[in-house]
Amino acid sequence: MRIIYSLLLLTLALFATPSIDELKAAVEKNPALLNSPQAEALMKEKGLSKADIEAKLKSDNLTKNVISEKTIDNKIDILDTDEENMSVNVEKFKENIRLNPFAYKSSESLIKELNKKQQLLTEKKLKRYSERFYANKNMIDSSSLPTPDNYTISTGDVLSILIYGDRNENYELEVRNDGTIEIQYMGPVRVGGKSFKEVKEYLVSKLKQHFKMSSFKISVSKYSSIQVTLIGDVKYPGIYNLSSFATAKDLLIVSKGVRKTASVREIEIKREGKTAAVLDFYDLLFQGKSIGSILLKHGDIVVVKKAKKLVSIDGYVNNAAIFELKGKETLKTLIEYAGGMKADASKRHIRVDRYSQNTIFETFHIPYSKARNFTMRDGDKVYIYKLDESADRSVNIYGNVIRPGSYRIGDALTLHDLLQQELQNGEKAFFLPETYFEYALIKHYSSTLNYKTQSFNLAKVIEGSEKIALSPQDEVYIFSINDIQTSSYVTTKGKTLLQPGKLRYFDGMTIQDAVNASGIDGIIDDEVRVTTINTKNRMPKTIFYSLKKDGNISLHPYDEVEVYDYYKKHLLQPVTIKGEVINPTTVFYEKDMTLGKLLNAAGGTTAEAYLKKVEIVRYFINENDLRTKKVIYLNLNEKKSKNYILEPYDEVSVYKIPNWGEKRVVTLKGEVRFPGDYTISNGEKLSSVIERAGGFTKDAYVYGSVFTRESIRKNQLEQYNRSLAKIKRELAIYNAMPANAKKSMTSSGSLNSLNEVIVEAQKYQPIGRVSIKLTTNLDILKESSYNLTLQDKDTLFVPSTIDTVTVFGEVFNPSSFIYNEELDAEDYIAMASGIARSADSDNIYVIHANGMSEPLETGWFSSSVEIKKGDTIVVPIYIKEDNILDIWDSIAKILASFALTAAAVQSLGVI
């Protein structure tokens, strides 16, 4: 059954041994498992048929027997056996990309292949076959057996006497050392040394005298032990205490068996100086004869002699082991003891290695037919070889067939005869698709021990017009078309195909088949190019077909089919409409497209569209072959204009009604009578909006008015960010230059100062202020250059009266101070505790409340600049102009100017 396990294990490709139920279920579900090439090869190797496997799977031996009546304890030592270590090797057919019997092999690989075919003697350590017998340590259970009549009653036995009838008594009587038992009313009765039969008859006669109306049943309820002696070629000779029912087998089990050189076929039992029996354990092992009827007796001596003839047998036999032979037992007897030969064992050459008289080593090769007459000697080693290739009476068929492998020749003398046997169910049942019938090859193994090839026409061999003789071990190669030549294909091309490239060619394949198989992605043109080499001279020829009309034309192998993008051959020409339409767009021109249709495609005109003048720019090629344009104007209020026929590439523009603008708003804040947002018209002046706002209040500080413009704010912000990025970049480059590393250390103060300017400047954002001079007299303002034309999002902030002057920058106490018309810039700086060491005293300037600024003239705090309410005096930080840092000075001043301007405006309460 282990063969069945391995067989189904391999067939099912499992990695864990399946259960019997799983094996049966698998075969029942798929009986074809037993038909696989691997299964057939393994069954052939093991000498089994499919019917054998099916019968064993259905037999009762595979069912589970549950014994509930009694638990049976069997003591068996598990020995390593060939079955436990058996592995099954099944040759796997390698997947070859292409069948090629002429594939080159080096001399080294050919030698390796020949070496694999050699039958080399493999030796393994063999054990005495009889060792298996001692592995079973079960002894006779005396309680389960009836006492034989010839059993001799001895001291220690316990007799059970049951009296029933007019009296009911039960006695358990042990035989004393003097051989007697004590029975009530009868006294001592001698039973020792008598047989059990004699004791029963004697006791019944005695009991009848006292129990006349009763019946009696006498048995042995407990047996005494015996002492026997074991001597000879055993592992542990000596005296052994055994059950009185013990046999010689039990004694050998208790003594752990015999030595490797001992005989198990001539074991003597000595009793009272005579030979009571001679035992041959092979009678039990091979013939099933019982040797257990000879019970040992107290005082017996068991003698185990040295074996006279030990021989080993290995190789392709069922039970490789060392066997003991007697007398005239021959090589045939030895093979029978080994369970016979395996199915694939060779009977031609049985090897026998012999040591003769301790002087000569000889090797004999005996055919099985002479094994009956070949007498064995002690120490002989027999090896049974596997059948070699010379015994192969089949041929091998490889290649494009359903079942490649060995085929029995039988009565077939030619390949035609063999194929006729296999083709009874038709060629489809034997050959695979695309078999190449025009060419096949056979490799003969000739009598000169060389291989010879012969090619032939397979179709002619099948029909019988060509004869190919067969010999055992021939190899037949059946090719597919793909073995002979590359697979035929058709190539498709085109950007509108999903998967252009090679397609497998089949007879009857059409142009439409090739296009559909490649998948269509888009719109293809009806014209299809086919280039074929199916010409007389095999030179390419290109033909153009209509896919719609000629799509069913058959293709030929290696044809090339190309499809075209419809819009590559039929160009899409644009027409554009822009301006005052709902959805300005570009559409593809269609024949006789009108202006009205294009307007509909754009969703129509907007409410702001100027319909009296729509412009069409048209392009054309002039007489000098130059592309030029002309402009056409149409009035959409006229119905005929919408029917105007457009041409490809026309550009239509719909303009906005003149003076139609979006809402523009300016904001007035602070000290005006009606602050808020005011919608302005085109060209409206600042004075006009101030009048609309009710003019200035009595608390307005007009001199400090702040006017901002969004466009200027954006421009300032752009310059501000650009300057900041530049200064950071150049500062990083300067510090990274090795030549400036030392200088950077010495000028770290300047760099730190510059970093402070950058940090400080980042706190403020430009507000887009425009410096203006306003007056409370609006008539004067109207004539003034500061009467600005307003723009959308302009803002005017008029602060209330300011009574402070601010000192800002590098002074010890930057702050705002109450305005005093008698004080000048020097006085205010002094009020701020004077300038700091980091101040740039040469570049102090004043930012006036109206946004204008002017530097203090050179000299020690010259007071030539008039200080007014709301002004800011700025003391900038000193930046040392060192090498490249001189440009940073000017940039830093610009940034500082932005920041300080914002700070000045903040002091006015704007931000």
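This report describes the predicted model of a single chain, from its overall make-up to selected residues and their side-chain pairings.

**Basis and confidence**

The model is predicted, so local features are reported only where pLDDT is at least 70 and side-chain atom pairs only at pLDDT 80 or more, whereas totals for chains, interfaces and linings use all residues. Residues are numbered from 1 along each chain as its sequence is written, and side-chain values use heavy atoms, with hydrogens and water left out.

The predictor's confidence in each residue is expressed as pLDDT, on a scale from 0 to 100. The chain has a mean pLDDT of 82, and 79% of its residues reach 70 or more. Residues 81-94 form a stretch with pLDDT below 50, and beyond near neighbours in sequence this stretch has 16 contacts in the model; a contact means heavy atoms within 4.5 Å. Over residues 60-72 the pLDDT stays under 50, and the model has four contacts there beyond four places in sequence.

**Overall make-up**

The chain contains 25 helices and 40 strands, defined as DSSP runs numbered from the N terminus (H or I with at least four residues for helices, E with at least two for strands). Of the 911 residues in the chain, 39% are buried. Buried means under 20% relative accessible area, exposed means over 50%, and partly exposed lies in between (1.4 Å probe, protein chains only). Among contacts with a separation of 6 or more, 62% are between residues 24 or more positions apart. The chain exposes about 53400 Å², of which carbon and sulfur atoms supply 50%; accessible areas come from the Shrake-Rupley method with a 1.4 Å probe, and for residues only the protein chains shown count as cover.

**Salt bridges**

Side chains of opposite charge can pair when their charged atoms come close. The structure holds 30 salt bridges, each defined as a side-chain nitrogen of Lys or Arg within 4 Å of a carboxyl oxygen of Asp or Glu. The table lists three of these pairs.

| Salt bridge | N to O distance |
|---|---|
| Lysine 270 and glutamate 268 | 3.5 Å |
| Glutamate 710 and arginine 713 | 3.0 Å |
| Aspartate 803 and lysine 869 | 3.3 Å |

The aspartate 803 and lysine 869 pair joins two loops: aspartate 803 lies between strand 35 (795-798) and strand 36 (804-809), and lysine 869 lies between strand 39 (853-855) and strand 40 (872-875), so the pair ties together parts that are 66 residues apart in sequence. Aspartate 803 is partly exposed at 40% relative accessible area, and lysine 869 is partly exposed at 27%.

Glutamate 710 and arginine 713 both belong to helix 20 (residues 710-736), where they stand three residues apart, about one turn of the helix. Glutamate 710 is partly exposed, with 23% relative accessibility, and arginine 713 is partly exposed, with 26%.

In the remaining pair of the table, glutamate 268 is buried at 12% relative accessible area, while lysine 270 is partly exposed at 27%. Elsewhere, a network of salt bridges links Arg265, Asp280, Lys326 and Glu329.

**Arginine 529 and its surroundings**

Arginine 529 sits in strand 23 (residues 524-532) and is buried, with a relative accessible area of 10%. Its side chain makes a polar contact of 2.4 Å with the side chain of threonine 531 and another of 2.8 Å with that of glutamate 560. A polar contact is a pair of N or O atoms within 3.5 Å; within protein, one must be able to donate a hydrogen and the other to accept it, and residues adjacent in sequence count only if both atoms are side-chain atoms. Leaving aside residues up to four places away in sequence, arginine 529 touches Lys493, Thr542, Ile543, Phe544, Glu560, Val561, Glu562 and Tyr564.

**A nonpolar surface patch**

Ile523, Tyr566, Tyr567, Leu572 and Phe588 make a nonpolar surface patch of about 470 Å². Patches consist of residues with over 30% relative accessible area and no salt bridge, with nonpolar side chains (Val, Leu, Ile, Met, Phe, Trp, Tyr) joined within 5 Å and like charges within 9 Å. Phenylalanine 588 is located in strand 27 (residues 585-588).

**Residues with positive phi**

Glutamate 272 is not a glycine, yet has a positive phi of about 55°. Glutamate 272 lies in the loop between strand 8 (262-271) and strand 9 (274-279) and is exposed, at 79% relative accessible area. Lysine 793, also not a glycine, has a positive phi of about 75°. The loop between helix 23 (778-783) and strand 35 holds lysine 793, which is exposed at 54% relative accessibility.
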